[in-house]
Amino acid sequence: MMGERADRLRQEVDTIRAGLDQGITLIDTAEMYGDGGSERMVGEAIAGRREGLFLVSKVLPHNASREGTIRACERSLKHLGTDRLDLYLLHWRGRYPLAETVEAFETLKAQGKIARWGVSNFDIEDMDELAGISDQCQANQVLYNCTRRGIEFDLLPDAQEKHMAIMAYSPIEQGRLAGHTAMETIAQRHNATTAQIALAFVLRHEGVIAIPKTARPDRVAENLGALDIELTSEDLADIDRAFPPPRRKIPLEMI
């Protein structure tokens with residue numbers, strides 16, 4: 001929902017730059033977001049500041065043939081105003097065989113257009129299939145927050161065992177966790193906001209990256225404050241009561 005409206009472009013660019021000024025280095029986008037508008041917005045925001053950043057973008061499944069993936073990546077690079085991506089993801093599974101997309105990813109690596117590749121919205125069965133094709137997948141970006149805990153049963157432990165990063169999208173459930181009573185109680189203990197507690201919950205896992213979306217510069221500092229919060233056993237027990245952890249396999253959720 002960024003890079004879609006011209007009247008919001010300046011604020012969005014300012015928000016990205018505010019993040020850079022405060023030390024954030026990872027920016028996640030995709031060709032799908034705003035039909036390329038998000039990538040172009042990011043490109044404007046990082047102009048002259050590319051070094052030291054970790055740029056992530058994604059190819060849509062209907063573009064994920066061997067040649068289509070390469071063309072999509074080149075479009076994304078043009079939109080972003082850069083010659084390389086640090087991580088390139090398959091947005092979700094589509095009709096093209098995984099082996100074909102992986103071949104394209106490896107070609108892009110050899111060409112220096114991407115440093116590494118991964119996937120998004122892949123469940124444990126998908127990851128097992130992918131492992132039979134290649135051991136070079138570096139990350140899996142999935143929906144994960146207090147209310148969407150299914151990955152804790154199998155996908156997260158598997159990724160941690162393989163030292164593969166999990167990128168948690170919608171870690172604040174698109175803002176809906178901000179008003180939850182249980183989160184408010186915990187936030188008061190830490191003199192924090194509910195959004196910060198939601199982010200701290202996700203970030204407590206080793207190897208998990210949170211990618212909260214915000215189009216407001218003031219929210220950037222708030223999000224960064226989550227790094228200073230260490231949830232207690234009491235906090236986690238309260239979260240478990242409000243949002244019970246999975247006790248069986250739950251199909252991977254997407255939004």
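Hello everyone. Before we start, a word on the model: it is predicted, so local features need pLDDT of at least 70 and side-chain atom pairs count only at pLDDT 80 or more, while totals for chains, interfaces and linings use all residues. Residues are numbered from 1 along each chain as its sequence is written, and side-chain values use heavy atoms, with hydrogens and water left out.

Let's begin with the second largest pocket. A pocket here is an open set of points, on a 1 Å grid over the protein atoms alone, where a 1.4 Å probe fits, with protein on both sides within 12 Å along at least five of seven lines; lining residues have an atom within 4 Å of a point. The space in this pocket is about 160 Å³, where volume means the space filled by probe spheres set on the points, which are joined across faces, edges and corners. Two elements each give two or more residues to its lining, α5 (124-131) and β5 (137-143). Helices (H or I, at least four residues) and strands (E, at least two) are DSSP runs, numbered from the N terminus. Which element gives the largest share of the lining? That is α5, with three residues. Among the lining residues you will find Met127, Cys137, Lys162 and His163. By class, the lining has five nonpolar, four polar and two charged residues. For those classes, Ala, Val, Leu, Ile, Met, Phe, Trp, Tyr, Cys and Pro count as nonpolar, Asp, Glu, Lys and Arg as charged, and the others, Gly among them, as polar.

Next, please find Thr82, in the loop between α3 (66-80) and β3 (87-90). Is Thr82 buried or exposed? It is buried, because its relative accessible area is 13%, and buried means under 20%, exposed over 50%, and partly exposed in between (1.4 Å probe, protein chains only). The side chains of Thr82 and Arg50 are joined by a polar contact of 2.9 Å. Such a contact is a pair of N or O atoms within 3.5 Å; within protein, one must be able to donate a hydrogen and the other to accept it, and residues adjacent in sequence count only if both atoms are side-chain atoms.

Setting aside residues up to four places away in sequence, Thr82 touches Arg50, Leu55 and Leu77, where contact means heavy atoms within 4.5 Å. Leu55 sits in strand β2 (residues 54-59) and counts as buried because its relative accessibility is 2%.

Glu152 takes us to the loop between β5 and α6 (155-161). This residue is buried too, at 17% relative accessibility, and its side chain makes a polar contact of 2.6 Å with that of Tyr144. Beyond its neighbours within four places in sequence, Glu152 is in contact with several residues, including Phe201, Arg204 and Pro245.

Now the cysteines. How many disulfides are there? The count is zero, a disulfide being a pair of cysteine sulfur atoms within 2.5 Å. For Cys73, the closest cysteine sulfur is in Cys137, 16 Å away, so the two are too far apart for a bond. Cys73 is buried at 0% relative accessible area, and Cys146 is buried at 1%.

Finally, two loop residues. Asp35, between β1 (26-28) and α2 (37-46), has a positive phi near 50 degrees and is exposed at 67%. Glu173, between β6 (165-169) and α7 (181-189), has a positive phi near 55 degrees, but Glu173 is buried at 6%.
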